Amino acid sequence: MNRPLKNTWSIILAAGSGSRLGEAAGGVRKQYLEFKGAPLFWHSARTFSRVAGVKGVVFVFPPEDVIPMEKQLRQFFKAEELGLRWKVCAGGERRQDSVRHGVAELPRDCDGVLVHDSARPFVSARLVRELIDCLDQGAQAATPGLSITDTIKRVADGVVTETLVRAELRSVQTPQIFETALLMQAHEQAVQEGWDVTDDASMVERIAEVIVIPGEQGNIKITTPQDLAKLEEPRVTVPCVG
Ligand code: CTP
Ligand code: MG
């Protein structure tokens, strides 16, 4: 089936607290860490803007940063120049709450949505395009995933209880793409049934087929202090009201 998406938006999640990075980020949330002259969240916005199918972006920030960041996006980053429609909203306590808040901002005619961690600034436009192609070709949901090289074991109380079949495992990344109505349905069900998950595919895979395409080795998530070395000269950009 071929039914090209007409209005794909991206949700860029930047409402986390970066607790695993801790003091290594100088007390600043990791989404604001600067790399090559721009904070992490802005790198992904620029990448999405280079993909023809992407029409808009919702930036999700910590509630206290929403007003200053909206002003910064307008005045300092000149977000209009992305050539996308854009909005800002407040995140929630968990990642999935932030996604839900972002989904609520999507326009009615948005038919496809890419959910992306701002902590993955190296995502390529090519991967975004491949994900959109998946939906254009009839999939309802798709995620990038990498084969893994370590052997993964289930452990309880310090004792191995199971060794998983490595060939069946994938380490999944973002962006993940969904039909908008399907992602909305998954989030509604998550609230009703109390699902607690770490990515959106974990919800959607319970109600629909999520296909996996090859991810990118370079599309890492900045998570621990060791990851900072992967950003050149990490420096800090503090949001300030201009
Ligand atoms: N995120 C979010 N809202 C939350 C939690 C996370 O928007 N309540 C975003 C983060 O900003 C990040 C992405 O989701 O870009 C992936 O989350 P993660 O790497 O876990 O970031 P943090 O939650 O900020 O870090 P930590 O778990 O170490 O506190
Ligand atoms: Mg987190």
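I started with K78, which sits in the loop between α2 (66–75) and β5 (85–90). This is a predicted model, so I'm reading it as such. The phi of K78 is positive, about 55°, even though the residue is not a glycine. I then checked how much of K78 shows: relative accessibility comes out at 41%, so I put it down as partly exposed.

Next I looked at D157, in the loop between β8 (153–156) and β9 (159–163). D157 is another non-glycine with a positive phi, about 50° here. Buried or exposed, I wondered about D157? It is exposed, because its relative accessible area is 81% and the cut-off is over 50%.

I went on to the peptide bonds. T174 and P175 are joined by a cis one, with omega at about 5°. P175 belongs to the loop between β10 (170–172) and β11 (176–179).

I noted 31 lining residues for it, with R20, K30, R95, D117 and K221 closest to the centre. Helix α3 (residues 95–103) gives the largest share of that lining, 3 residues. I sorted the lining by class and got 7 nonpolar, 14 polar and 10 charged residues.

The second largest pocket is about 160 Å³ in volume. Among its lining residues I wrote down R120, L146, S147, S171, V172, E216 and K221. β7 (141–147) and β10 are the elements that each give two or more residues to this lining. By class I have 3 nonpolar, 5 polar and 3 charged for the second largest pocket.

Key
Residues numbered from 1 in each chain as written. Chains lettered and ligands numbered in written order. Predicted model: local features only at pLDDT ≥ 70, side-chain atom pairs only at ≥ 80, totals over all residues. Heavy atoms only, no water. Helix = DSSP H or I, 4+ residues; strand = E, 2+ residues; numbered from the N terminus. Buried < 20%, exposed > 50% of the residue type's maximum accessible area, 1.4 Å probe, protein only. 1 Å grid on protein atoms, 1.4 Å probe; cavity = no way out; pocket = protein on both sides within 12 Å on 5 of 7 lines; lining within 4 Å. Nonpolar A, V, L, I, M, F, W, Y, C, P; charged D, E, K, R; others polar. Points joined across faces, edges and corners; volume = space filled by probe spheres on them.
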